[in-house]
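Q: I'm new to this one, so could you walk me through it slowly?
A: Gladly; here it is, and we can start with a term or two.
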Amino acid sequence: MVQLFIEAVKEEMPETFLHWEDFGRDNARKNLLKYQNEICSFNHDVQGTAAVALAALISAAKRIGVKFNTQKFVVFGAGTAGLGIADEIVSALVHSGLTKEQAYQRFWCIDKDGLLIVDQEMMDFQRPYACTRESVKGWVADEAGRISLVEVVKQAKPTTLIGCSGVANAFTDEVIIEMARNNQHPIIFTLSNPTSRCERVPEDVIRLTNGQALVATGSPFEDVGYKGKVYRIAQSNNALVFPGIGLGIVAIGAKRFTDNMLWAACKALANYSTQDDALLPKLSEAYSVSRQVAFAVARQAIADGVAEDVDDIWRKIDQVIWEPKYYPYYLKK
């Protein structure tokens, strides 16, 4: 059915930019890899989630004054979203000078059976992140050989903890306190939706780290007040990036969406200045954010040779951008 749909779109609307959504763990990446060079494609759950989370991580590194390529990452929830984020972080680490092998070594990814280890059964896209038994020698495991999140945090001493598990309160007091013990400013992202499945509410993360954690969430949360300071909680919402990506592609008539274009979108979002200490702009700023992302994506499309060069990218964007306007109406009696 998917193949027939793609063929029909290509025949009837060959200029289409296809936005894939909610195809699930087993099919999302497979569809993207199969069709991304056949039709201009973007997967919201893999690439969109990754782009916004990566932008927030880059902002966090800048905020605390550390090099991004020195960070160590634990991903709790090694599914499509979690490892989509990991893949994009790997690309960013490679851009910053690491080899792919060095980048993968900065990850510890945890699924329902604990830390990913090479001799376990797993999906193909998980294998690059699997640890060797030798690398975790001496780590405490349960009777089934599973290594828990708290053990990984204690042993690996990550700088960044990312939750994409859908398991409410998975980040226990012990996990968060251990993150704070190992880092002056731990980076803790609880990205699962809805709020009822959040790995830990921001108020607890701020309190348990004495206000030192850098926090982003997948769901919207109110500002947190702690010891006389107000913390705006950044929402890692895909709406900050996918409208701009679509706008840039449509404006410039790009034939493909490349990895470099996704990286350009990440950097544009990360460089967007906010009015406070939050890691990402507010959703109310999505319109202006989208224009910046669109420009970066369109410029990269030209550089990558998937779109023709134009004299004025901004003019192209302004010709196609949509702005909602609500006109007054009157009920006829």
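A: Two strands pair if DSSP finds at least two bridges between them, and strands (E, at least two residues) and helices (H or I, at least four) are DSSP runs, numbered from the N terminus.
Q: What should I know before reading on?
A: This is a predicted model, in which local features need pLDDT of at least 70 and side-chain atom pairs count only at pLDDT 80 or more, while totals for chains, interfaces and linings use all residues. Residues are numbered from 1 along each chain as its sequence is written, and side-chain values use heavy atoms, with hydrogens and water left out.
Q: Okay, which residue stands opposite G163 in β6?
A: That is F76, and strand β3 (residues 73-76) runs parallel to β6, joined to it by four bridges.
Q: And what about β7, which residue there is the bridge partner of I162?
A: The partner is F189, and strand β7 (residues 187-190) pairs with β6 in the parallel sense, again over four bridges.
Q: Which way do the residues of β6 point?
A: In β6 (residues 160-163), T160 and I162 point one way and L161 and G163 the other, and all are buried, meaning under 20% relative accessible area, where exposed is over 50% and partly exposed lies in between (1.4 Å probe, protein chains only).
Q: Switching topic, which residues of α2 are buried?
A: In helix α2 (residues 28-35) they are A28, R29, N31, L32 and Y35. They lie on the same side of α2 because they cover an arc of only 165° around the axis, the arc being that of the directions from the helix axis to the C-beta atoms.
Q: What is exposed on the other side?
A: There, K30, L33 and K34 are exposed.
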